[in-house]
Amino acid sequence: MAHIHNYSAGPCILPAEVLEQASQAVKSWDDHGLSLVEMSHRSKAFVETMDECRALTKELLDLPDRFEILYLQGGASLGFLTAAMNFLPEGGQAAYADTGTWSAKAIKEAKHAGHVNVVTSSKDSNYDHIPTVGEVDAQNAFLHITTNNTIFGTQYADMPTSNVPLVADMSSDILSRTFDAEPFALIYGGVQKNMGPAGAVMYAVDTEKLGATGRDIPSYLDLNVHLGKDSMFNTPPVFSVYATMLTLRWLKAKGGVAAIQKENEAKSALLYAEIDRNALFSGHAQTDSRSHMNVTFRLNDDSHAAHFDAAWNAADISGLKGHRSVGGYRASMYNALPLSSVEVLVNVMREFERTHG
Ligand SMILES: *Cc1c(COP(=O)(O)O)cnc(C)c1O
């Protein structure tokens, strides 16, 4: 395989050794004599895989005991509704921070479950920063945040302090940095940004706050139903869960979240320094809201676009095009992207300034 510097926003780069081991398991899984994807999810081998995946998630996220982990289907997009159905009481209300496209979708889905108060928004400046959240009315069952805004390249520098429990979509920065889980009632995220191949969504559920909505929740949306079945209420996405488990083992062997956070900070510092230094480029996100995972930037002179695109393509960089709602470029630098790939991009930008500045 040619060495591509993969900046895709998701699905995205995964550790090479995970792909190696996972693809081997699709052909023939360890000594089971069968493929991973042709074995029962009730087999001892897969039940152990699911158990290890859930345990490693809890360990690596350093979650308090009251949390339990689920791996389900429907992606974060179904998570928007599931979160509200499980934590927004019948007839109640919840506070939402509107920080990007995914927040807006979370708000839309939560309205199926109850009253939504949008307590802060950066929509008017095309979501170029994380607006502050003041004290929210205690009538709100929770405050929902999107910790990293994949499309706009913004991220909470610190998790907000809140007088009500936090519910968070962490799809695109889960396991990229340490945080205190104490204020959270629910953390969820599609695995395909930082954890594994598409197909599963992870829920970290505060079991002490669950089950207090007074609602009759349809089975698949009821997190209590899934907890009662150890995340095996129905057939789980076996390949996604297996490869996620391998990624978690990889992360643990690297020293866990604190270790990868250092690498992520080094990668983003290198690229932001170049964006700030290089006269041809500017960043989208305001400095204090910059994401370590998705770096959004643009050319100051759009007439250079075709030449710049040719330059990074020639350097075997892939997936750098920005989302259509922001334009320009987006460098997604998830856990598995090595610093050396960022060095290649920064060199292309320097060389481009030399030849086009
Ligand atoms: C990608 C993404 C989603 C959507 O995830 P799906 O699993 O495709 O539904 C939601 N929220 C954020 C922050 C994302 O980055």
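**View 1. Strands E3 and E5 run side by side.** E3 and E5 pair in the parallel sense, over three bridges. Look for tyrosine 96, which stands opposite histidine 144 in E5. Helices (H or I, at least four residues) and strands (E, at least two) are DSSP runs, numbered from the N terminus, and two strands pair if DSSP finds at least two bridges between them. A quick word on the model: it is predicted, so local features need pLDDT of at least 70 and side-chain atom pairs pLDDT 80 or more, while totals for chains, interfaces and linings use all residues. Residues are numbered from 1 along each chain as its sequence is written, and side-chain values use heavy atoms, with hydrogens and water left out.

**View 2. E5 also pairs with E8.** Here the pairing is parallel over four bridges, and threonine 146 stands opposite aspartate 169 in E8. How many of the seven residues of E5 are buried? Six are, so E5 is largely enclosed by the rest of the structure. (Buried means under 20% relative accessible area, exposed over 50%, partly exposed in between, with a 1.4 Å probe and protein chains only.)

**View 3. E8 pairs with E9.** Strand E8 (residues 166-169) and strand E9 (residues 184-190) are parallel, joined over four bridges. Leucine 166 has phenylalanine 184 as its bridge partner in E9.

View 4. Read the order as E2-E10-E9-E8-E5-E3-E4, with mixed pairing. E2 (67-72) and E4 (115-121) are the edge strands, each with a single partner, so one side of each has no neighbour in the sheet. On average, neighbouring strands are turned by 20° against each other, direction ignored.

**View 5. Helix H2 packs on helix H6.** H2 (residues 44-60) and H6 (residues 238-253) meet at about 45°, their axes 9 Å apart. That makes H2 oblique to H6; angles under 35 degrees count as roughly parallel, over 145 as roughly antiparallel, 65 to 115 as roughly perpendicular and the rest as oblique. Axes are lines fitted to C-alpha atoms, for helices over the stretch in contact, and angles run from 0 to 180 degrees between N-to-C directions. Contact means heavy atoms within 4.5 Å. Among the residues that meet are Phe46, Cys53 and Leu56 in H2, and Val241, Tyr242 and Leu248 in H6.

View 6. The whole structure has zero disulfides, a disulfide being a pair of cysteine sulfur atoms within 2.5 Å. Cysteine 12 is buried at 12% relative accessibility, and cysteine 53 is buried at 0%.
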